[in-house]
Amino acid sequence: MSTVDITPHDLPERRSVFTPELLDRCISCGFCLPACPTYALTGVETSSPRGRINLMRALETGVLPDDDPTVNEESSFCLGCRACEPVCPAGVQYGALLEEWRDHLWNGRRRPWNVKPLLWAVDSPSRVRAMGIVRRHAGRSREAPGPVNLMLGCFERVLYPRVSRDARKLAPELAAPSAQGCCGALHAHNGELERGRELARDLGAALPGTIVTTSGGCGAHLAGVLGADRVQVFSQWWLAREAPADGATADGAAVADGAGAGTPAARRLRIGLQDSCHLRNGLGVWREPRELIARIGEYVELPSAAACCGAAGSYSVVRPKDSARVLDPHLDEIAAADLDVIVVVNAGCYRQLQQGVKRRGLRTRVVHIAELLAGER
């Protein structure tokens, strides 16, 4: 029997690797294939969501062992972008299945070696705070949590500290105590599912009330653990907060508009967007950043705006060559559109596009949505 032929009815003996109702939901219809970036790269069924679910079923029943080369390769080759979820008529929660798959496989020697130092660095709130000491992010060491709190992120506070500063510049009422750790998304996506949930709960306790995040991947993970009522991404929260009358914010601060400093007022910036996969596919948030961008300049919808850029959390570290292959069509489109700015809503996408644009020598600037709104363009 081929793994392609395995259905829920062929699973008499289970190993309890996967939650049965998650694994059995797939009806093998194939709607997911065109949406999958790795299937687009290879054209190979095994590298599609349907093919990988059949590998999961084979693993669940012992048809394939844990050390099967294809099982291990595909658990790593998958981006985890969840683009298959919105197009699935059966409502398969593929992201949850992938987390269970890696939670089972990626232990000891099977976990990619280059993920281990990343997990170690963000496993402790004290380590996360120590990483951010040298950067001027928005966190304040003695600030108490408020009714609405800005999540500083772990690597974002180190790599892109201006994002949190600009978020607070726009909305001073956001509290940002520095005594907060990682949200746990990195752990959950890389084989430590329960630890990822524990870190999310710890962050929820450290930041009571509403948590506003500037990172789509963090937002999706936190919402999954704490509940969507506790978590909002910045563009969501900003639109809900502002006064609708004339584009002014609730506290009277005007949203940045026009062509940008040093640019003739007659020419509006050409601005594109790179969606965060988990923000769009996991939380269904994609209209809000587009609405905000359209107020700043001429919004240009790129054909691949909704597709994964190849960052995918730790993917660009674990599989840099495949990550670059996924990114290349995006860079082609950015160049063809002659964009002034490409906006991101996730720290991983920020790094991925910034490096790609630099490598290609494109004139396009990469900025976060908070930076754009604050006039940092």
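Modeller: Axes are lines fitted to C-alpha atoms, for helices over the stretch in contact, with angles from 0 to 180 degrees between N-to-C directions. The model is predicted: local features need pLDDT of at least 70 and side-chain atom pairs 80 or more, while totals for chains, interfaces and linings use all residues. Residues are numbered from 1 along each chain as its sequence is written, and side-chain values use heavy atoms, without hydrogens and water.

Biologist: What angle do the axes of helix 3 and helix 4 make?

Modeller: The axes of helix 3 (residues 49-61) and helix 4 cross at roughly 135° and come within 10 Å. Helices (H or I, at least four residues) and strands (E, at least two) are DSSP runs, numbered from the N terminus.

Biologist: Why is helix 3 called oblique to helix 4?

Modeller: Roughly parallel is under 35 degrees, roughly antiparallel over 145, roughly perpendicular 65 to 115, and the rest oblique. The crossing at roughly 135° belongs to the rest, so helix 3 is oblique to helix 4.

Biologist: Which residues make this contact?

Modeller: Helix 3 supplies Arg 52, Leu 55 and Leu 59, and helix 4 supplies Thr 70, Val 71, Glu 74 and Phe 77. Contact means heavy atoms within 4.5 Å. These residues divide into 4 nonpolar, 1 polar and 2 charged. Ala, Val, Leu, Ile, Met, Phe, Trp, Tyr, Cys and Pro count as nonpolar, Asp, Glu, Lys and Arg as charged, and the others, Gly among them, as polar.

Biologist: What makes helix 4 oblique to helix 6?

Modeller: The axes of helix 4 (residues 69-77) and helix 6 (residues 94-105) come within 10 Å and cross at roughly 130°. That angle makes helix 4 oblique to helix 6. Val 71, Asn 72, Glu 74, Ser 75 and Ser 76 of helix 4 meet Leu 98, Trp 101, Arg 102 and Leu 105 of helix 6. In this contact, 4 residues are nonpolar, 3 polar and 2 charged.

Biologist: Where is Arg 140 placed?

Modeller: Arg 140 is in the loop between helix 8 (125-132) and strand 1 (148-151).

Biologist: Which residues does Arg 140 touch, not counting residues up to four places away in sequence?

Modeller: Arg 140 touches Arg 168, Ala 176, Pro 177 and Ser 178.

Biologist: Which residues does Phe 234 contact, leaving aside its neighbours within four places in sequence?

Modeller: Phe 234 is in contact with Ala 167, Leu 170, Leu 174, Val 212, Thr 213, Thr 214, Ala 370 and Leu 373.
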